[in-house]
Amino acid sequence: MTQQSPDPLRNPDRAPSLAGVERAAAKVAALLPPTPLLPLEIDGATLWCKAECLQPVGAFKIRGAWHRLTDLTPEQAAAGVVGVSSGNHAQGVAWAARRLGIRATIVMPGNAPAMKLAATRALGAEVVLYDRVTESRDAVAAKLLDERGGTLVHAYGDPWIIEGQGTAGIEARAQLAVRGIDGPDKVVACCGGGGLSAGLALACPDAEIVAVEPEGWDDVTRSLEAGEILTVEDLSYPTECDALQTPQTWPINFAVLQARGVRGVAVTREEVRHAMRVAFEKLHLVVEPGGAAALAAILAGKVAPGKTTLVTLSGGNVDAARYAEILAG
């Protein structure tokens, strides 16, 4: 299991913070160029779209993975890491692990997109499959850790992951400042377990944060409304947003979201598909269904733009045949 460290920055029970996001941002900036922040005009409003689909692994997850793995002690690094992921976090962890020479095992659903499974394996990680409906990925990961040792690198319930994902907000603030724009005053983020939303809430403390989930998988939205963590009601509910299929958020994420007054909304399959087509036609970007959820909420009129609205295009890992089908309408 994860080894404890006297260093408070390496304490797995610590709370994520803005200072932690800023520290993570310096680490990410030394590794990767900023992703583009692209203006998109919609009904007279300018949306600032953060193109995380252009990351080396096709998603923002590389940020949190790098922050987490570079803070492992030498002993922890030698023991390897175990991650849980629908696919994008898997690639982020595998990419960082390969660069750092760390053994990585990723617990992934058997029905994850074939391209995400293949990409994770191609990066050198071992993939352990589980059934999304009948098994708990966290239980599978815990069993592996008991058997092999190592450090859990959770997809969202981890202070390093939250801080790492928030670096997208630090970048966006700097990119807006270069243009002489204060803000953002509103951040609309794709949401699965809440790692990105929580990170952006820390990174952009003066902004309104809206977390967007696919219908049927809107547990964070319902949890924020209820004031307590609720689970997805039907784990077999069909959705194309595989990147956002998480059974429930974790207390560490929920605490940040609740403290910042974050609200959630849910979008439909057709609203997501429309957003994917708009991203292709207007921004010339390939965005996967889960990565288009935030844009979908604005295009569908479920979230009104602010004065300076930051929108995450959080991933672009989509099967070519499925993407072609969606573009064709």
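Predicted model: local features only at pLDDT ≥ 70, side-chain atom pairs only at ≥ 80, totals over all residues.

Me: Which of the residues that line the largest pocket lie nearest its centre?

Reply: The lining comprises 17 residues, and Asn111, Pro113, Thr239, Glu240 and Asp242 lie nearest the centre of the largest pocket.

Me: How many cavities of 30 Å³ or more does a search of the whole structure find?

Reply: The general idea is that rolling a probe the size of a water molecule over the atoms shows where empty space is left. In this model, the search finds 1 cavity of 30 Å³ or more. The volume of the largest cavity is about 220 Å³.

Me: Which elements give two or more residues to the lining of the largest cavity?

Reply: These are helix 4 (88–100) and helix 8 (195–203). The largest share of the lining, 3 residues, comes from helix 8. In total, 25 residues line the largest cavity, and Phe60, Lys61, Gly192, Ala243 and Leu244 lie nearest its centre. By class, the lining of the largest cavity has 8 nonpolar, 14 polar and 3 charged residues.

Me: Next, the packing. Which residues touch the most other members of the largest nonpolar core?

Reply: In soluble globular proteins, nonpolar side chains tend to be buried together. Here the largest nonpolar core has 35 residues, of which Leu40, Leu47, Val212 and Leu295 touch the most other members. Setting aside residues up to four places away in sequence, Val212 touches Val188, Ala189, Cys190, Cys191, Leu244, Val265, Val267, Ala293, Ala294 and Ala297. There is also a second, separate core of 29 residues, which includes Leu200, Ala201, Phe254 and Val256. Leu244, touched by Val212, is also among the residues nearest the centre of the largest cavity.

Me: What does the side chain of Ser86 reach?

Reply: The side chain of Ser86 reaches the backbone oxygen of Asp242 at 3.3 Å. A polar contact of 3.4 Å joins the side chains of Ser86 and Arg132. Beyond its neighbours within four places in sequence, Ser86 is in contact with several residues, including Met108, Pro109, Lys116, Arg137 and Gln245.

Me: Is the charged residue Lys186 buried or exposed?

Reply: Lys186 counts as buried because its relative accessibility is 8%, under the 20% cut-off. Lys186 is found in strand 7 (residues 186–190), and its side chain reaches the backbone oxygen of Ala304 at 2.4 Å. Apart from neighbours within four places in sequence, the contacts of Lys186 include Ala207, Glu208, Val303, Pro305 and Leu310.

Me: Finally, where is Leu299 placed?

Reply: Leu299 belongs to helix 12 (residues 293–299). With a relative accessible area of 23%, Leu299 is partly exposed. Leu299 and Ala275 are 24 residues apart in sequence and 7.0 Å apart in space, C-alpha to C-alpha. When neighbours within four places in sequence are left aside, Leu299 is in contact with Ile42, His274, Ala275 and Val278.

Note on methods
Residues numbered from 1 in each chain as written. Heavy atoms only, no water. 1 Å grid on protein atoms, 1.4 Å probe; cavity = no way out; pocket = protein on both sides within 12 Å on 5 of 7 lines; lining within 4 Å. Points joined across faces, edges and corners; volume = space filled by probe spheres on them. Helix = DSSP H or I, 4+ residues; strand = E, 2+ residues; numbered from the N terminus. Nonpolar A, V, L, I, M, F, W, Y, C, P; charged D, E, K, R; others polar. Core = buried A, V, L, I, M, F, W, Y, C linked by side-chain atoms within 4.5 Å. Buried < 20%, exposed > 50% of the residue type's maximum accessible area, 1.4 Å probe, protein only. Contact = heavy atoms within 4.5 Å. Polar contact = N/O pair within 3.5 Å; in protein donor to acceptor, adjacent residues only side chain to side chain.
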